[in-house]
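Dear colleague,

I am handing over the structure below, and my notes on it follow. Please read them with the coordinates open beside you.

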Amino acid sequence: MTTTGEDTPDTPTTPASGLGVELNGLNTIHESERKGRPRDLFWPWFGANVSVFGLSYGSFLLGFGISFWQATIVGIVGIVISFLFCGFIALAGKRGSAPTMVLSRAMFGVEGNRVPSVLSWLLTVGWETVLTALAVLATATVFTQLGWEGGVATKVVALIVVAALIIAGGVIGFHLIMRMQMVITIVTGVLTVVYIVLVLGHIDLGAVSALPAGDVPHVVGGFVFMLTGFGLGWVNAAADYSRYLPRSARSSGVIGWTTFGSSLAPVILLVFGILLAGSSEKLSTAIAADPIGALASLLPTWFLVPFVIVAVLGLVGGAVLDIYSSGLALLSVGLRAPRYVAAGIDGVIMTAGAVYVVFFANDFLGPFQGFLITLGVPIAAWCGIFIADISLRRRDYAEADLYDRRGRYGSVRWLPIALIVIGTAIGWGLVTNASANWLTWQGYLLGPFGLGGATGDWAYANLGVLAALVIGYLGTLLFSRGAIRRQEGR
């Protein structure tokens, strides 16, 4: 039998107890460890998304030149739909009791799945780096407002503390993460409500209602940005937590609790963030440079320390899930090491990336948008493939064959790889990001497709993400039906 990483489908693992390091890696979860109910998924997903960073998306969204109502509608719809994708993919975790990037082998083959595994690893490492950097910048900004030292020394100490929390969660694993997310959910939820109450007076409904409406390309661009900024950033990790549920768990519950838990906080925070950003152009501009630190400028001095706590915990909650899943993705790429070693490696890379963002980068929003859209295109294609594949399957996954290149899923399946390549090539040709100099080559199809070129009305609609999603979904739906029936008939 050929395996990827150190695990095999039947490897017995010692369940982590207390704060013991989780030994599960790429293996399927042993029957003795499959427990809980779908509603247990609420805690990790809510905890990962109840970050005051969600308020900053109000400014990002209004940056597309759209009105309050346009931003509210596309924001809510974009968030819920994107996390609904996560809900469907979480269903595969219950059916196969393996990590997302192992279940993806049923589509791509045991060896062919290295392609989406690399994409998944890049996306999760990128996200954990961004969240770590934001936590450090927010701490430094608040310390400065308090009249304390907010310079290099504070940033270094904050980076050490934040990185240590994230790496500890990723290395120790599932059981600690579930405990951490429950605490983070309660603490950040309460303090976020207090924050909203304290800054209510800064909302100017007259200024918000006066925001001019944008045209269709700008509305579409805002919608796509919501997709990539929320659910599409999590789809590649969506089954990593539902894999611990028993197979008897209700499918509707898995989808519903994943979607509800992950969408609830972002929807509330986004709408309030739109109201704040729409009330002050100065605040909206400041958010682009320091998304969370700028929000602290609205607060009374006595709440600045609690604000740092809620900001850092919210970001840590998201980064912990990312580093856990990035470690699994790295194993799926081919690293032969225990899961906790992979998480530790990613922690080192995350820390190095955060050092660059905090101490050397001059701008946050431009590179951030470029990162989201550029990786969002191939991930959207993979997501379309996975969701179509789930809809076509009538049986649970054959666990042993997910680890055997000679099994029913094969070594390499070229159709899904071709769909990712085609979806990415077309997708990158239909997106642009002028704020990131290293991405000026994108948008090469906007002219030939009659969409006005790289400076036309459709330049920032980022249609490439939607195109990649549709190509992956329809390509699988139309051409993989027979292959899936043969897999399930063996």
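Ile81 is partly exposed, since its relative accessible area is 31%; here buried means under 20% relative accessible area, exposed means over 50%, and partly exposed lies in between, with a 1.4 Å probe and protein chains only. Please keep in mind that this is a predicted model, in which local features need pLDDT of at least 70 and side-chain atom pairs count only at pLDDT 80 or more, whereas totals for chains, interfaces and linings use all residues. Residues are numbered from 1 along each chain as its sequence is written, and side-chain values use heavy atoms, with hydrogens and water left out.

Ile81 belongs to helix α3; helices (H or I, at least four residues) and strands (E, at least two) are DSSP runs, numbered from the N terminus. Leaving aside neighbours within four places in sequence, Ile81 is in contact with Phe223 and Leu227, where contact means heavy atoms within 4.5 Å. Between Ile81 and Phe230 the C-alpha to C-alpha distance is 9.6 Å, although 149 residues separate them in sequence.

**Aromatic pairs**

Rings of Phe, Tyr and Trp (its six-membered ring) pair if their centres lie within 6.5 Å, and planes under 30 degrees apart count as stacked, over 60 as edge-to-face and the rest as tilted. By this rule the count comes to 22 aromatic pairs. One of them joins Phe83 and Phe230, and this pair is edge-to-face because the ring centres are 6.3 Å apart and the planes stand at 65 degrees. Phe83 sits in helix α3 (residues 68-96) and Phe230 in the loop between α10 (216-229) and α11 (239-242), so that the pair links distant parts of the chain, 147 residues apart. Both Phe83 and Phe230 are buried.

A further edge-to-face pair is formed by Trp428 and Trp441, with 5.4 Å from centre to centre and 85 degrees between the planes. Trp428 lies in helix α18 (residues 414-428) and Trp441 in the loop between α18 and α19 (463-479), so this pair ties together parts that are 13 residues apart in sequence. Trp428 is partly exposed, at a relative accessible area of 24%, and Trp441 is partly exposed too, at 42%.

Returning to the phenylalanines, Phe83 and Phe230 belong to one aromatic cluster with Phe53, Tyr57, Phe60, Phe64 and Phe225.

**Backbone points to check**

Most residues other than glycine have a negative phi, and most peptide bonds are trans. Ser97, although not a glycine, has a positive phi of about 55 degrees; Ser97 is found in the loop between α3 and α4 (100-103) and is buried, with a relative accessible area of 0%. Asn462 likewise has a positive phi of about 55 degrees without being a glycine. The loop between α18 and α19 holds Asn462, which counts as buried at 5% relative accessibility.

**Helices and selected distances**

Helix α1 (residues 42-49) is mostly covered, with seven of its eight residues buried, among them Phe42, Trp45 and Phe46. In helix α18, Ile422 is partly exposed, with a relative accessible area of 44%, and the C-alpha atoms of Ile422 and Ala468 are 8.0 Å apart in space and 46 residues apart in sequence. Gly206, in helix α9 (residues 205-209), is partly exposed with a relative accessible area of 44%; its C-alpha atom is separated by 22 Å from that of Ser297, which is 91 residues away along the chain.

**The protein as a whole**

The protein has 20 helices and zero strands. With 490 residues, a compact globule would have a radius of gyration near 23 Å, and the 22 Å of the protein agrees with this; the radius is taken over C-alpha atoms, and the globule rule is 2.2 Å times the number of residues to the power 0.38. Along the principal axes, the C-alpha atoms fill a box of roughly 65 × 60 × 40 Å. Of the 490 residues, 62% count as buried. Among contacts between residues at least 6 apart in sequence, 84% join residues at least 24 apart.

With best regards
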